Amino acid sequence: MEEIKNFINGEFQNSSSGEYIDNINPATGELIGKIASSNSIDVQNAVEAANMAFTSWSALTLEQRIIWLDKIADALEAKKELVAQTESKDTGKPISLARRVDASRSISNFRFFAQFTSQQNPMEFEMEDAMNYVHRKPVGVVGLITPWNLPLYLLTWKIAPALVMGNTIIAKPSELTPLTANLFASILQDIDFPKGVFNIVHGLGPSAGQPILEHPKIKAISFTGGTQTGRIVAKTAAPLFKKLSLELGGKNATVILADADLHAAAKGAARAGFTNSGQVCLCGSRILVDASIAQQFTELFLTEVRGMKQGNPLNEATEIGSLISIQHLEKVESYVKLAKQEGGTILTGGNRPTISGLEGSKGAYLEPTVIGGLDINSRTATEEIFGPVVTLHIFENEEQAIEMTNSTEYGLAGSVWTTNLERGRKFSEQIETGIMWVNTWLHRDLRTPFGGVKNSGVGREGGQWSLSFFSEMTNICVKLD
Ligand code: TXE
C-alpha cells in the first residue's frame with residue numbers, strides 16, 4: 001500500500017500530525033494508499049523552504065528556467081505510461097483517456113510554457129521625451145490548489161507558468177487524487193530539480209488548504225475547484241490582497257441549431273456530456289435543441305450515448321469509467337431522483353451498471369444518463385451535477401436559445417452546432433461565458449484565454465494571462481534628454 005508523504009525542500013516527509021487519510025481506487029472501492037493529513041505546521045515548513053529557495057530560483061535567467069521546464073517535460077515524457085496508469089487508478093477514468101488527455105497535456109503544459117515564454121517580446125512604450133520599460137518580476141511564493149477531476153493536468157497548468165516566471169510553489173492537490181502529484185515530485189527528485197522550489201502539502205481542504213490561503217508569505221493563490229470552495233478562497237485571500245485566480249464550476253450548454261450537421265452534433269454532444277463521466281468543468285450538461293429537429297437529434301444522440309462503452313478503466317476499449325467516489329456518486333444520484341420529482345423523464349441510464357470483471361466490487365459507477373422534459377429553470381437543469389447526467393431542452397427560436405443558454409448562475413463554456421459558421425460566431429458573442437466552441441468541444445490552443453464569468457470564476461489562465469498572473473510588473477519610465 002502506497003504511503004503518500006508531503007514533499008518539502010526536496011524531501012518526502014511525514015505530516016507533523018502523523019495522521020493519514022485513506023486513498024481509495026473509485027473503480028473498485030479498494031484501499032490503495034494512505035495520504036499525509038497536513039495542517040498549518042506543514043504549510044509553515046513548506047513556506048520556509050519555498051521562501052529560502054526563492055532567492056536562487058528567481059535569480060536564474062529566464063533562459064535557465066526555460067531549460068528546466070523542458071527538462072521536466074522530458075522526464076515526464078519518459079514516465080508517460082506510468083503517469084496515465086497512476087491517474088487512471090486514482091480517479092477511475094479510462095486508461096485511454098488518461099493517456100490521451102491527462103498524461104499528454106501534463107507534458108505539453110511544460111513544453112508550451114517553455115516555448116511561449118521564449119517568444120515574448122519586451123514590453124516597451126515610447127514617448128516623445130521618454131521611454132517606458134515594463135519589467136516583470138516573480139510574485140514570490142505562490143499557492144496552487146487543485147481538484148480531483150484532472151489532477152496532474154490542472155496542477156501542471158499552474159506549475160509551468162509559475163516556475164518559468166521565477167516563483168516558488170506550495171501545491172495542495174485534492175485529497176482524493178494525490179498520486180500523480182507525488183509521482184511528479186519523485187520525477188523532480190530524479191532530475192535534481194532545485195530543492196524547495198516546488199513543495200507539496202497533502203491533506204484536507206480546511207486543515208491543509210486553508211492555511212495556504214491565510215499564510216501572509218504566500219502572495220498569490222491559483223485555485224481550481226467548486227464554486228462554493230471558491231467563495232471561501234476569495235473571502236480569505238481578498239482582505240490579504242493576494243493575487244487570486246479562480247477557475248470554478250460550470251453548467252454549460254450544447255446548443256443544436258436547426259441547420260446543424262445532426263450526426264456530428266450528436267457525437268459532439270455525447271463527447272461534451274460524458275467525457276470523464278461528466279466530471280470536467282467544461283462538460284456540456286444541458287443540451288438545447290431546436291424544436292424542428294428535436295426528435296431526429298434526440299434519436300441520434302441517444303444512440304450515441306447508449307453505444308458508449310462503460311467498463312473497467314483499465315480496459316483499453318472503455319470510454320466511461322467510474323465517478324471519483326461513492327460519496328460523489330450518491331450526490332449525482334440524488335439529482336437523478338430530484339429530476340424525477342421535478343417532472344423529468346429518464347430517456348436513458350439512471351442506474352448503477354454491473355461492470356464486467358468487477359462484479360461485487362464497490363466501484364462508483366453510474367450509467368450515462370439523459371433526462372428530458374425538465375423546465376430550464378429547474379434545479380436539475382441549473383445546479384452543477386458534475387457527473388454523467390445531461391438534461392435535454394427544446395427551444396423555438398434563436399432568441400430563446402440565447403436566453404436559455406444564459407439562464408444559469410454559471411458562465412464557463414459552451415458549444416453551438418450549425419453549418420453556418422458566421423451564425424455560430426454571432427450566436428457565441430451573445431453568450432455570457434468565457435469560452436464558446438462552434439462545431440467542436442474542448443478544442444484547446446494553450447495561447448488562448450481560459451476562464452469563466454459569473455459564478456464560474458475570476459480571471460483568465462493560458463498564454464500571456466498565466467504569465468501576467470504569475471508576475472508583477474514595474475513600469476520604468478526613463479526621461480530622455
Ligand atoms: O471540490 P473542492 P470538491 C465542483 C463539482 C463538485 C464540487 C465539489 O460540482 O461536485 O465542486 O467538489 C481544496 N481552503 N468541482 O468538494 O472542495 C480541496 O482540498 C483551501 C468543479 O472535491 O472545491 C481541493 O484540493 N482549499 C471543479 C480543492 O480545494 C480547500 C473540479 C478543490 O476541492 C478548502 C472539482 C479550503 N477551505 C469539483 N476546501 C472544476 N471547476 O473543475 C477545499 N479545498
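**Around the ligand**

Q: How far does a polar side-chain atom of Trp148 lie from an oxygen atom of the ligand?
A: This is a predicted model, where local features need pLDDT of at least 70 and side-chain atom pairs 80 or more, while totals for chains, interfaces and linings use all residues. Residues count from 1 along each chain as its sequence is written, and side-chain values use heavy atoms, without hydrogens or water. A polar contact is a pair of N or O atoms within 3.5 Å. For Trp148, the distance to the ligand oxygen is 2.6 Å.

Q: Which residue places a backbone N or O atom 2.9 Å from a nitrogen atom of the ligand?
A: Thr229 uses a polar side-chain atom, 2.8 Å from a ligand oxygen. The backbone atom facing the ligand nitrogen belongs to Leu248.

Q: How many residues surround the ligand?
A: A residue is near if one of its heavy atoms lies within 4 Å. Glu175, Lys331 and Glu384 are among the closest, and the whole shell numbers 27.

Q: Which helix gives the largest share of the shell?
A: Helices are DSSP runs of at least four residues, and strands of at least two. Helix H8 (227-237) and strand E11 (218-224) are among those supplying at least two shell residues. The largest share, four residues, comes from H7.

Q: Why does the ligand lie between two domains?
A: Domain bounds come from an automatic or database assignment. The ligand lies there because shell residues come from both domain 1 (2-248 + 456-479) and domain 2 (252-445).

Notes: Polar contact = N/O pair within 3.5 Å; in protein donor to acceptor, adjacent residues only side chain to side chain.
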